[in-house]
Amino acid sequence: VLVTYTIWPQAGGQGHLDLMPWYWKLAPPFAFSYAITRACIAAGENPNGWNRASAWWLAAALFIAGLIGGLTYYYHLQESQEIESDEGIITLVLLPDRMDA
């Protein structure tokens, strides 16, 4: 869990995490840590480390990692675009094209 919470802001950006609600920051890292732990347990319980259970838990961990990446990308797209200049912060606003009648 600590590794997930350390790497996620470094890789995805703290600004994107600041936009997320608390439950998206809580549930996926715990599920990811649980899946990795279960994959290690499944690999250690059998003489053959690569078995059906360890492969399934590893696939679940990769799916959750993709979910975390997707959440970060979604909130990256929702972030406002600001440019800092000497005079202050300039916010870019994109307006829809006007249709002339």
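This tour moves through the structure one selection at a time.

**Before you start**

The model is predicted, so local features need pLDDT of at least 70 and side-chain atom pairs count only at pLDDT 80 or more, while totals for chains, interfaces and linings use all residues. Residues are numbered from 1 along each chain as its sequence is written, and side-chain values use heavy atoms, with hydrogens and water left out.

**Stop 1: helix H1**

Select residues 2-12, which are helix H1. Helices here are DSSP runs (H or I, at least four residues), numbered from the N terminus. Colour Thr4, Trp8, Pro9 and Gly12: these are the buried residues of H1. They sit on the same side of the helix, because they cover an arc of only 115° around the axis. That arc is taken from the directions from the helix axis to the C-beta atoms. Buried means under 20% relative accessible area, exposed over 50%, and partly exposed in between (1.4 Å probe, protein chains only).

Now turn to the face of H1 that points away from the buried side. Leu2, Val3, Thr6, Gln10 and Ala11 are exposed there. Go back to the buried side and show its cover, which includes H2, H3 and H4. Then step just past H1 to Gly13, where phi is positive, at about 100°.

**Stop 2: Asp18 in helix H2**

Select Asp18, which is found in helix H2. Is Asp18 buried or exposed? Asp18 counts as exposed, at 52% relative accessibility. Show its side chain together with that of Gln14: a polar contact of 3.0 Å joins the two. A polar contact is a pair of N or O atoms within 3.5 Å; within protein, one must be able to donate a hydrogen and the other to accept it, and residues adjacent in sequence count only if both atoms are side-chain atoms. Asp18 and Tyr75 are 57 residues apart along the chain, yet their C-alpha atoms are separated by 9.2 Å.

**Stop 3**

A pair of aromatic rings is described by the distance of the centres and the angle of the planes. Rings of Phe, Tyr and Trp (its six-membered ring) pair if their centres lie within 6.5 Å; planes under 30 degrees apart count as stacked, over 60 as edge-to-face and the rest as tilted. The count comes to five aromatic pairs by this rule. Select Trp22 and Tyr23: this pair is edge-to-face, 5.8 Å centre to centre with 80° between the planes. Ring pairs link Trp22, Tyr23 and Trp24 into a cluster. Trp22 is exposed, at 62% relative accessible area. Tyr23 is partly exposed, at 45%, and Trp24 is partly exposed, at 31%.

**Stop 3: helix H4**

Select residues 52-78, the 27 residues of helix H4. At the start of H4, a side-chain oxygen of Asn51 reaches to within 3.2 Å of the backbone nitrogen of Ala53.

Colour the buried residues of H4, among them Ala60, Ile64, Ile68 and Leu71. The buried residues pack against H1, H2 and H3.

**Last stop: Ser54**

Zoom in on Ser54, in helix H4. Ser54 is buried, at 4% relative accessible area. A polar atom of its side chain lies 2.9 Å from the backbone oxygen of Gly49. Leaving aside neighbours within four places in sequence, Ser54 is in contact (heavy atoms within 4.5 Å) with Ala39, Ala42, Ala43 and Gly49.

Conventions. Helix = DSSP H or I, 4+ residues; strand = E, 2+ residues; numbered from the N terminus. Expected span 1.5 Å × (residues − 1).
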